Amino acid sequence: MPLSSGSAKDAMAGDPWRNGLCGSLAGSMVVMATLPMDAVKTRMQVRGIGLRAAVRDILAGGGTLAGARHFYRGAGPAVSEVALNRGTMFGVGAAVKRSLPQGWSEPRRDAVAGAVAALIKTALLHPLDTLKTRLQLRNQMGTAQVYMQLTSLYHGFLPAATRSSVGMAIWLVSRNLLERSLPESSSENGHYPKHFVCGALSSVLVDLTTFPLDTLKKNLQASTDGQDVEVSGFARRLYKHGGMMRFYRGYAARLGLVAMNGAIFNSAFVFFRTHLVL
């Protein structure tokens with residue numbers, strides 16, 4: 001079956017169930033490949049250390065081979081979270097966009113559908129993301145602190161919800177605009193170079209804009225002290241220990257990862273949307 005360029009131009013078009021399944025499959029394809037870099041980034045963000053120190057910290061205790069397994073701590077929650085994350089976001093987003101007035105402009109419908117879907121997704125799945133973060137930091141936290149009461153799993157929800165809803169609105173508008181505007185590839189193997197570019201550019205744009213909120217979220221998630229979860233207090237503390245660049249600690253380990261993640265996800269998403277028949 002040939003690829004349909006129309007199916008690529010709107011990431012929230014079509015049947016919500018099919019769209020959600022395609023999002024889930026595409027997200028699951030990249031999560032295991034990116035988890036080691038995410039573990040490094042998490043340590044850099046939470047502990048305020050450099051790239052080499054973060055890698056040494058992960059490998060510490062057990063030798064190189066045993067320590068290498070630490071890069072995949074939290075893999076179970078991570079895979080589950082991403083599959084549910086993308087499935088929920090793209091399924092709900094397609095349903096929301098269907099219900100919006102047809103008279104609205106496409107960017108407006110994209111932004112609203114993306115923001116609403118991301119907010120619902122974050123409310124449902126934030127505990128799994130918190131659990132993944134704590135498992136990645138288990139060397140410092142201890143097993144008992146990883147599995148805290150349910151309420152503590154919502155530490156960092158405000159910055160997470162803000163980042164997710166704003167980020168998804170930006171991603172969907174920019175991604176669909178690029179897919180509609182960039183010329184189609186003339187290669188015989190389909191349009192994948194174009195989808196790689198659209199996915200990479202839109203993902204980097206979102207990440208540069210919202211990464212400080214991710215750093216704040218990670219630090220709040222890592223906290224197991226119920227008395228110390230005030231968002232403004234955490235933000236001031238981070239700023240005091242490094243200024244605005246403290247919020248971007250770990251970005252060197254992330255930028256290429258974000259671009260590649262976005263490129264692979266968008267290409268896989270278009271592939272599944274084009275070929276998957278339910």
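The model is predicted: local features need pLDDT of at least 70, side-chain atom pairs count only at pLDDT 80 or more, and totals for chains, interfaces and linings use all residues. Residues are numbered from 1 along each chain as its sequence is written, and side-chain values use heavy atoms, leaving out hydrogens and water.

**Stop 1: N176.** Select N176 in helix 9 (residues 157-181). Helices are DSSP runs of H or I, at least four residues, numbered from the N terminus. N176 counts as buried, because its relative accessibility is 0%. Buried means under 20% relative accessible area, exposed over 50%, partly exposed in between (1.4 Å probe, protein chains only). Now show its contacts (heavy atoms within 4.5 Å). Leaving out residues up to four places away in sequence, N176 touches K9, D10, A11, K97 and D110.

**Stop 2: the cysteines.** Select C22. C22 is buried, at 0% relative accessible area. Go on to C198, which counts as buried at 0% relative accessibility. How many disulfides are there? The count is zero, with a disulfide taken as a pair of cysteine sulfur atoms within 2.5 Å.

**Stop 3: R56.** Move to helix 3 (residues 51-59), where R56 sits. R56 is exposed, because its relative accessible area is 55%. V40 and R56 are 16 residues apart along the chain, and their C-alpha atoms are separated by 9.6 Å.

**Stop 4: L124.** Finish on helix 6 (residues 106-136), which holds L124. Is L124 buried or exposed? L124 counts as exposed, because its relative accessibility is 57%.

Definitions and conventions:
Helices (H or I, at least four residues) and strands (E, at least two) are DSSP runs, numbered from the N terminus.
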